Amino acid sequence: MRKSWNEYFMEITEMVASRSTCDRAFVGCVLVNKDHRIVSTGYNGSVAGNPHCSEVGHTMRDGHCIATIHAEMNALLYCAKEGIPVKGCTAYVTHFPCLNCSKALIQAGIEKIYYKNAYRVDDYALDLFEKNGVHLEQINPGQEG
């Protein structure tokens, strides 16, 4: 049986997450346009050219590793650097986006977000998604979509 688009892209997102260099959470993000084409991917990792957490350990502040750029931000920042539009795109993420990534996804014009793991779901992020008309949905392997 043919995989649904959601299953297909979430599997790719999990593969992207396997490249994460911060072992606190292996997170991946795939941005997909309305034609079901991948426009960008991102995973948790250090600023380009800097040592990775997996090499030197974590730089912790207030319970967060501040050396790491989140997967969603890496996906968006690649598009910004290369001039790739993301307005109207869908984001597939292995984990619920943190508040800062949620705000960035909304501001960039992402219209739908599908995530697998309900990790640190933020009530204010939920409110922002609703207020800004962003479709948010948790999906699991095998779920049709």
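## Helix 1 and its surroundings

How many residues does helix 1 have, and what distance does it reach from its first C-alpha to its last? In this predicted model, helix 1 covers residues 5-17, which amounts to 13 residues, and it reaches 18 Å between those two C-alpha atoms, close to the 18 Å expected at 1.5 Å a residue.

Several positions of helix 1 are buried, namely Asn6, Glu7, Phe9, Met10, Thr13, Val16 and Ala17. The elements against which these buried residues pack are strand 1 (28-32), strand 2 (38-43), strand 7 (90-95) and strand 8 (112-117).

Nonpolar side chains tend to be buried together in soluble globular proteins. Here the largest nonpolar core has 24 residues, and those with the most contacts inside it are Cys29, Leu31, Val86, Ala91, Ile110, Ile113 and Phe129. At least two residues of this core are supplied by each of strand 1, helix 3 (71-82), strand 7, helix 4 (99-108), strand 8 and helix 5 (123-131), and the largest share, four residues, comes from helix 3. Apart from this core lies another, of eight residues, among them Phe9, Val32, Tyr114 and Ile139; Phe9 is also one of the buried residues of helix 1.

## Packing of helix 3 and helix 4

The axes of helix 3 and helix 4 lie 9 Å apart, and the two helices pack at an angle of about 30°. Because angles under 35 degrees count as roughly parallel, helix 3 is described as roughly parallel to helix 4. Their crossing is left-handed, and the contact is made by Glu72, Met73 and Leu76 on the side of helix 3 and by Cys101, Ala104, Leu105 and Ala108 on the side of helix 4.

## Two residues with positive phi

Most residues other than glycine have a negative phi. His36, in the loop between strand 1 and strand 2, has a positive phi near 65° although it is not a glycine, and with a relative accessibility of 33% His36 counts as partly exposed.

Asp62, likewise not a glycine, has a positive phi of about 50°, and it lies in the loop between strand 4 (60-61) and strand 5 (64-65). With a relative accessible area of 72%, Asp62 is exposed.

Conventions. Residues numbered from 1 in each chain as written. Predicted model: local features only at pLDDT ≥ 70, side-chain atom pairs only at ≥ 80, totals over all residues. Heavy atoms only, no water. Expected span 1.5 Å × (residues − 1). Buried < 20%, exposed > 50% of the residue type's maximum accessible area, 1.4 Å probe, protein only. Contact = heavy atoms within 4.5 Å. Core = buried A, V, L, I, M, F, W, Y, C linked by side-chain atoms within 4.5 Å. Axes fitted to C-alpha atoms, helices over the stretch in contact; angles between N-to-C directions. Parallel < 35°, antiparallel > 145°, perpendicular 65-115°, else oblique. Left-handed = near helix turned anticlockwise from the far one by under 90°.
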